[in-house]
Amino acid sequence: MGSATRRHGRIGTALATLLACGALAGAALAGAAPASGAQRAEEIAPGVEYRAFDLDGAGGVTRAHLLSVDLADRHVRVGLLHPGAVAARRTVSGMADAQGAVAGVNGDFFNISEAQHPGVEATGAAVGPEITGGHPLKAAVPRGQRFGPPLPPGTTAEDVIGVGADRTARLDRLRLVGSVDTPEGELRLGGLNQYALGEGSVGAYTSEWGGTSRARATCGTDTRRAAPCSGDTYEVTVRGGQVVATAGRPGSGPIAAGTTVLVGREAGARRLRRLFRGEPVTVRRRLVAASSGDPLVFAVGGFPVVRHGAPLPGLDGTVSTVRTAVGIARGGHRLLLLALDGASRYRRGLTVAELAAELRRLGATDGFNLDGGGSSTLVTRERGEGWVDVRNHPSRGAERAVANGVGVFSVS
């Protein structure tokens, strides 16, 4: 039997076993109120518990799948599930298996289609910032270039949920701060491994971007994702502190380690055209957190729905769908990873407002919405097994390849 068959075939067996063992008894996770049809919490690994339960939403009954992660337990950590390149996609189960995670959910919204730009390759890259192991992989695209539902008032594409070196989870905002030092002066860096650059800017692409074409970076505008691609572009390759190649348009193919490709559009392209082979160039970049908290060792994008114990104003209460979210409880020492079920009987899901209310009911003081719909996936790995099981039913009948995810790892 293949691993994919095992993943999906064992879901019903595992759930039936739990129910047969008295899972309907009141054994809700700490901080959570009892829910209809709630199962007893199942320990996945030290500090990690799973359960499923039914919820009543405006569209009808939906099923929720919940992971509770105790960050105070030194035997568990949370990190980024990643497909191996920023401009790539992979299923949550594939990423979890490859990285040895014991559980996880899908992550940020991503560049899923380029139907509005014929001939331009969709990158699969995420919308918001990414940090893994304390290392920044990418920055956020301009607000108007996002995929996903409209942002709630007061939020931006730079918003993240992350965990600091102090093992405490928090909501934050990550801004790119960078420069390109040239013989003619300093240029402000306007992007890092992003599928879309701001108008008139210069973006940096590293080996972590992957081999996907960089052409998408110069399409659309700051306010309109579907706007035509720019006709005024330029690309400069920097290696060993000097320019080694130039091109009139963004290229493709892997970028060697230690190499940075600068892509400019409009005013940024005109500045890059002043650079010639052999000239010295230094590229600096970092992601700066809006808070003064501990540096983030893990971060993924999406948008906040709960802050300081209260839902954000202006949350949508009309559109119900399958969703994935993360809640922060116990002063940042517990994460609640929630994914709704996409089976046909549950597919109406929740509105964003209902999702925020559910996170609060579960004990979260802060909540963060991730990609949903066909992307919503929650996986766990049974002890002693070499693969994870998909615990919810993806709404399209099979897992969707996604840009990233939130992984839960056991630490010896």
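1. Buried here means under 20% relative accessible area, exposed over 50%, and partly exposed in between, computed with a 1.4 Å probe on protein chains only. By that definition, Arg170 and Asp172 are both buried. Their side chains meet in a salt bridge, with N to O at 2.8 Å.

2. A word on the ground rules, as you will want them. This is a predicted model, in which local features need pLDDT of at least 70 and side-chain atom pairs count only at pLDDT 80 or more, while totals for chains, interfaces and linings use all residues. Residues are numbered from 1 along each chain as its sequence is written, and side-chain values use heavy atoms, with hydrogens and water left out.

3. Searching the whole structure gives 14 salt bridges, each being a side-chain nitrogen of Lys or Arg within 4 Å of a carboxyl oxygen of Asp or Glu.

4. Have a look at Glu114 and Arg216, whose closest N and O atoms are 2.5 Å apart in a salt bridge. This pair links distant parts of the chain, 102 residues apart: Glu114 lies in the loop between strand 5 (103-106) and strand 6 (130-132), and Arg216 in the loop between strand 12 (202-205) and strand 13 (233-239). Strands (E, at least two residues) and helices (H or I, at least four) are DSSP runs numbered from the N terminus. Both Glu114 and Arg216 are buried.

5. Another salt bridge joins Arg270 to Asp232, with the closest N and O atoms 2.9 Å apart. Here helix 3 (residues 267-272), which holds Arg270, is connected to the loop between strand 12 and strand 13, where Asp232 sits, 38 residues apart. Arg270 counts as partly exposed because its relative accessibility is 46%.

6. Finally, do check the salt-bridge network that links Asp159, Arg173 and Arg307.
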